[in-house]
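Me: I would like to learn how to read the features of a protein model, one feature at a time. Could you take me through this one slowly?

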Amino acid sequence: MVVHQLIPCLSPGDATGNAAIQFQGLLRQLGHASELYAGEIHPSFRALAAPARALRPAEDDWVLYHHGIASPLAGRLVHLRCRRGVVFHNISPASFYRGTGLEHALLGGRAQLAALAGHVDLSIGVSAFNAAELRAAGHANVHVVPLFVEPERFAPGRADPRLRAELEGPGLSVLTVSRVVPHKRMEDLLALHAELLRLEPSARLLVAGGMDDGSRYVKGLRQQAAALRNVRFLGKVSHGGLVAAYRSSRVFVSMSEHEGFGVPLVEAMAAGLPVAAYAAAAVPETLGGAGVAFTAKHFAALAELVRELHADPVLRASVLGGQQARLRQLSAEAVRPALASGLAAGEAHVQARAQRASPRRPPPRPARKRPRVGVLVQRYGDVAGGAEAHARMVVERLSAHWDITVLTGCAEDHLTWEDRFPPGRSRVGSAEVLRFEGAHARDMRRFNAFSRTLFGAPQDLAHEQAWIAAQGPVLPGLYRHLAAEGRRYDGFVAFTYLYAPTAWGVPMVADRCLVVPTAHDEPAFQFDAFGDVFRRPRCLLVNTPEEKALISARFPGHARARVVGVGVDAAPGEAARFRAKHGLRRPYLLYVGRLEAGKNVPWLLSLHARLRRAYHDAPELVLAGSGELRPSGDGVRCLGRIDEQDKWDALAGALAVVVPSQHESLSLLALEGMSQGAPLLANAASAVLAGQARRSGAGHLFSDAESFALAVQRVGQERDVLSRRGLAFAARHGWDKVVAAYREELAKIREGGR
């Protein structure tokens, strides 16, 4: 099914928006398509959600509205002609806002919640506390779906090292994480800190969370803090800064008197911090018997308790052990069944209301001799790209054994993702292709700037998913197709972990999916948001042992992995024909691929330029392919895109093929070159290329201008030996073994085995 989510605001650090993104991940794991719509969208998240006004659900779609106080989106929900649900987080009691002018808005929010009761088919509370309030407001079909955290995001290595070093120090450090507003009772924390200073003069209090410095409440808090010592308001911090605050503290304390769930309590548990919290509202439920829940604010006694949690190793170990057990109960795996149960009950409610006797089920699949397989890939057809070419080669060869439908976008250019091919069904070669329109094009300048703000620093789920959306291509029709038709396929093969069709499509069909991740050590590979792609499918079909080792190091517990690679079916190349066609009279090095900075082409050009200046008999450099660069220079020939026969002819005549890229999961160019007797010159910084050169014995590596010159010289001296080794290595990489491996893995899926 399709489950849209409607959010009042999607911005960094917004708890409701973060919950919706978590729900979206769970929905995909349950096989449902899920799209986000928001009333207000932060610029960083514009690729992740559409404006609320753009929501046009089909009659059978679900829309889950994440309730916001007095949000106009509640009225929009009521008038939608589809299945409707509400997710209730909390409404703070109006008594805490007495005198602020917000009392009427809060009372209006409660009245709005009651007004929704007769218009929704499903009501979800993120805690039993909130579920009880839903029932009190007249909601009938009420379910509890708790929130959760991903513990790996709070590991020590995710902390901002600069801020952690700044915050760490000897002695007792108490932390709270919260918006600085009246109902969070920050004044009570200051009262506790005053008592702690009597016991521990060096005690420190850290407060992390957004605050309005112009408000009367915050000004009053700052005055109280100034009368004490060692109080620091950190304000709103990045995810790495948040982890630094958790990891540099000794005890987490919450004085809040109205929590609908209390995510920071669980974050503190994940960061290995003992939690002491006032047992109001949903706090006891969130703690679940872990941590320390106190029911009275006797600050002197609480100060003694906090000091013991800091200093007593036996007590501290006992509390931390209980919190770890509680974390397992609040994992995505534990929460997902609750969401599935709620949606199933919602469907039953709709059907009962419509007097339907039983849920609608797709008709049974007709028996078929050949398996029906969907192939997910970001682009397909006559497009330049290593992973896309890999996918097409696999599809063409497996079409003799499977009924394949390639599920892809309409783009030809991977930089902009602008739709170029018409949507719908067509044929490319031997395969049926089903194309889906992209939700938006990509501005590479903005995307690169956004990437620079995220890469190299720990991120929360929201920012990682926003990056995947901005990376694209976002294909809403693809996810709807998987939700509606996914069970009609016997299996799926998804290419390239990095792009949204795989990152968001694989979780929907993971139980029947083989993933060809083409992973390499690039900044985005560090994002935890890709965990589902590596952990949930039936098998990872990797290209090299180095790629398998890389995945094992980054995603322990990944799905079973099998080194499969690609095959080489080389056409005979005629070197003389290529030389005559392009007027080449001297030895040449050959690069075939995308002409982009990301492939290190500018570096290759600079290395070649230095070689030509140093040696009068240096070989020329021939580049073939398309991209953003227009290479030129002394001895440089740029041919643009060439056809397949021209490529084989070029390889046959090359002194060597050169692969300057650092980020490869396998170099198809290297294998194709070896199949024509061309040795390999490769970037030594790539473990994959170094492995290919070492296993084949058919090439040399370079890392700078000096080693590049030496490698070229050695290739010239050893070419006959290197050529023979390369031919023998390529002969061991036939497509028959690759095709057999794919067929074996799909057979395991159809038989239900692992």
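This is a predicted model: local features need pLDDT of at least 70, side-chain atom pairs count only at pLDDT 80 or more; totals for chains, interfaces and linings use all residues.

Me: How many aromatic pairs does a search of the whole structure find?
Reply: A pair of aromatic rings is described by the distance of the centres and the angle of the planes. Rings of Phe, Tyr and Trp (for Trp, its six-membered ring) pair if their centres lie within 6.5 Å, and planes under 30 degrees apart count as stacked, over 60 as edge-to-face and the rest as tilted. Searching the whole structure gives 20 aromatic pairs. One of them is the tilted pair of Tyr497 and Phe534, with 5.4 Å from centre to centre and 50 degrees between the planes.

Me: Which parts does the pair of Tyr497 and Phe534 tie together?
Reply: Helices (H or I, at least four residues) and strands (E, at least two) are DSSP runs, numbered from the N terminus. Tyr497 lies in the loop between strand S18 (491–495) and helix H18 (500–505), and Phe534 lies in helix H19 (residues 531–535), so the pair links parts that are 37 residues apart in sequence. Buried means under 20% relative accessible area, exposed over 50%, and partly exposed in between (1.4 Å probe, protein chains only). Tyr497 is buried, at 1% relative accessible area, and Phe534 is buried as well, at 0%.

Me: What kind of aromatic pair do Phe525 and Phe555 form?
Reply: Phe525 and Phe555 form an edge-to-face pair, with 5.7 Å from centre to centre and 85 degrees between the planes. Phe525 lies in the loop between strand S19 (513–516) and H19, and Phe555 in the loop between helix H20 (545–554) and strand S21 (561–563), so this pair ties together parts 30 residues apart in sequence. Both Phe525 and Phe555 are buried. One aromatic cluster includes Tyr497, Phe534, Phe525 and Phe555, and among its other members are Phe447 and Trp467.

Me: Where does the charged end of Arg554 sit?
Reply: A charge sits over a ring if NZ of Lys or CZ of Arg is within 6 Å of the ring centre and within 35 degrees of the ring normal. The charged end of Arg554 is placed over the ring of Phe555, 4.4 Å from its centre, and Lys647 lies over the face of Trp648, at 4.5 Å from the ring centre.

Me: At what angle do the axes of helix H8 and helix H9 cross?
Reply: Axes are lines fitted to C-alpha atoms, for helices over the stretch in contact, and angles run from 0 to 180 degrees between N-to-C directions. The axes of helix H8 (residues 239–247) and helix H9 (residues 263–270) come within 10 Å and cross at roughly 70 degrees. Contact means heavy atoms within 4.5 Å, and here Leu242, Tyr246 and Arg247 in H8 meet Pro264, Glu267, Ala268 and Ala270 in H9.

Me: How many residues of helix H24 are buried?
Reply: In helix H24 (residues 668–675), 8 of the 8 residues are buried, so the helix is largely enclosed by the rest of the structure. Among these buried residues are Leu668, Glu672 and Ser675.

Notes. Residues are numbered from 1 along each chain as its sequence is written. Side-chain values use heavy atoms; hydrogens and water are left out.
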